[in-house]
Amino acid sequence: MPEGDTVWYAAHRLDAALAGRVLTLADLRVPRFATADLTGRRVLGVTPRGKHLLARVEGGLTLHSHLRMDGAWRVYATGERPHGGPAHQIRAVLGNAEFTAYGYRLPVLELLRTADESQVAGHLGPDLLGPDWDPAEAVRRLTADPARPLGEALLDQRNLAGIGNVYKSELAFLAAVTPWLPVGDLGPGVPERLVATAHRLLEANKDRPDRRTTTTRRTGERLYVYGREGRPCPRCGAPVRKAESADRVTYWCPACQRGGQGARTER
């Protein structure tokens, strides 16, 4: 599932393949921008901002994409057949003499003026993997509404940018609280530790495609609770549970994480 570390990894692969090179192929397969022609322009760079990808090209233009739940960018040698999914799922193709990047299942793809990037990313809080990272400001924003459930506060990109469902569940487990606990009920120093842990985990995972939050190397135990419904909690041995609400999914241990459970559907 794409989160801040996944987006950082994708951005740096795209930057290595495209930055400094002239586009010989640019195909945006969304109706609004299908006629836009970026060929002949040099890519200035590709940078991540939270969960957003910003590909800047000559002429003051930025191609903005967001992966959301299952979007992906794949890079191949030019001429190599892409295999990131069916051809009809490709929403963008950016190529040069050496490499070609394909954007699959991109729910957000738009071309805007570079000067207007703040319209799509200006609302974001401190970026966990960005040059603006400010842990004190992230803590301030995270705890600004004491009644708000921790999970909601963590997922709100206006508080700190880069956390999704996986890290939400894993961070709550590491803090021994559920995502439904109000942030005002966190113990002294816990918000600071949560923010520091989030930064440490995303930094540790940004350069690899397989995310890991645990220290064990055993197969199938890369994560503490996420995706482990019914399996024993690595802390206390109780069965991990799963809850769903709208398009969000949560995994947690009801035995050793305090704070109750507030989702409508639980199984």
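1. Gly95 faces Thr100, a residue of strand 7. Strand 6 (residues 90–95) and strand 7 (residues 99–104) are joined by 5 bridges in the antiparallel sense. Strands (E, at least two residues) and helices (H or I, at least four) are DSSP runs numbered from the N terminus; two strands pair if DSSP finds at least two bridges between them.

2. This is a predicted model, in which local features need pLDDT of at least 70 and side-chain atom pairs pLDDT 80 or more, while totals for chains, interfaces and linings use all residues. Residues are numbered from 1 along each chain as its sequence is written, and side-chain values use heavy atoms, without hydrogens and water.

3. The open sheet has 4 strands in the order 1-6-7-5, with antiparallel pairing. Strand 1 (25–28) and strand 5 (72–77) are the edges; each has a single partner strand, so one side of each lacks a neighbour in the sheet. From one strand to the next the twist averages 20 degrees.

4. Helix 1 (residues 4–18) lies across strands 5, 6 and 7, at about 35 degrees to strand 5. Axes are lines fitted to C-alpha atoms, for helices over the stretch in contact (heavy atoms within 4.5 Å), and angles run from 0 to 180 degrees between N-to-C directions.
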